[in-house]
Amino acid sequence: NSLKMMEGAWVTLLLSTLCFYVTHTWRKGIKGLRSQKSVTKLSLPAFLDQHLNNHTHRLPGTAVFMTHTLDHVPTSMLVHITHNTYVHERLVFMCFSYGLRPKMMGPEKYRVEEIQPNVFLVEVHFGFRETPHLQKIMHHLQEPLRLPDPLPHDEISYIFSRGVAIAEKGGTLRGLQERMFVVMSRLSLPAYEFFRAPHDRVIEL
């Protein structure tokens, strides 16, 4: 083994170590960024009960809030409700999970729950080889979400939240890892690009 190291095996070992370091930095940074964005642990149904009554004016159309969990209020909803005086007449909170199979099929792929009139929780289960396409997903969910037929794409807004990584003292990462994560996060693909959301219907908060 020592001879192999001298003959060039150290290159493979070095590259593997670098890949692990970069991946570990990214995962740790994303976890820290999400924890900073989770400013409230208030459940989504309780939050809606508290705030929807204050927004009696409902804008025609559908707002799809992308979120990492359906248990708590997404950051995008908090920002939206704070700075705007309206909500859409139909609200959809959508999250994704990925399984160990290459492709998810059948009724287990989508789970839809209406928690209030025209307020839906949607959980989408994808396989590890699948790439999401939001407009196609909305076509699949047209009946359970009671969307008009044909599907009015120009009346559906996809709302994302984007965290901005900033180097600071006392953060999750330090030193080289912190600087590396800030650069990677700025170069990373936006969520709306990954989910193939139509650019003219995207709101990023």
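**A first walk through the chain**

Student: Let's start with E89. Why does E89 count as partly exposed?
Tutor: Because its relative accessibility is 36%. Buried means under 20% relative accessible area, exposed over 50%, and partly exposed in between, with a 1.4 Å probe and protein chains only.

Student: What kind of model is this?
Tutor: This is a predicted model: local features need pLDDT of at least 70, side-chain atom pairs count only at pLDDT 80 or more, and totals for chains, interfaces and linings use all residues. Residues are numbered from 1 along each chain as its sequence is written, and side-chain values use heavy atoms, with hydrogens and water left out.

Student: Back to E89. Where is it in the chain?
Tutor: E89 sits in strand 2, residues 87-98. Helices (H or I, at least four residues) and strands (E, at least two) are DSSP runs, numbered from the N terminus.

Student: Which residues form the nonpolar patch?
Tutor: W10, V11, L14, L15 and L18, with about 470 Å² of accessible area together. Areas come from the Shrake-Rupley method with a 1.4 Å probe; for residues, only the protein chains shown count as cover. L14 lies in helix 1, residues 2-37. L14 counts as partly exposed because its relative accessibility is 43%.

Student: Zoom out. How many helices and strands are there?
Tutor: Six helices and six strands. From the N terminus, the order is α-α-β-α-β-β-β-α-β-α-α-β. The chain has 205 residues, and 36% of them count as buried.

Student: What about the largest nonpolar core?
Tutor: That core has 22 residues, and M94, F96, L134, I137 and M138 touch the most other members. A nonpolar core is a set of buried Ala, Val, Leu, Ile, Met, Phe, Trp, Tyr and Cys residues joined through side-chain atoms within 4.5 Å.

Student: Which elements supply it?
Tutor: Strand 1 (58-66), strand 2, strand 4 (119-126), helix 4 (134-140) and strand 5 (156-160) each give at least two residues. Strand 4 has the largest share, four residues.

Student: New topic. How many salt bridges are there?
Tutor: Five. A salt bridge is a side-chain nitrogen of Lys or Arg within 4 Å of a carboxyl oxygen of Asp or Glu.

Student: Which residue pairs with K109?
Tutor: E130, with the closest N and O atoms 2.6 Å apart. K109 is in the loop between strand 2 and strand 3 (110-116), and E130 is in the loop between strand 4 and helix 4, 21 residues apart.

Student: Is K109 buried or exposed?
Tutor: K109 is buried, with a relative accessible area of 11%. E130 is buried too, at 14%.

Student: And which residue does E123 pair with?
Tutor: R111, at 3.1 Å between the closest N and O atoms. E123 lies in strand 4 and R111 in strand 3, so the pair ties together parts twelve residues apart in sequence.

Terms used. Patches are made of residues with over 30% relative accessible area and no salt bridge: like charges are joined within 9 Å, nonpolar side chains (Val, Leu, Ile, Met, Phe, Trp, Tyr) within 5 Å.
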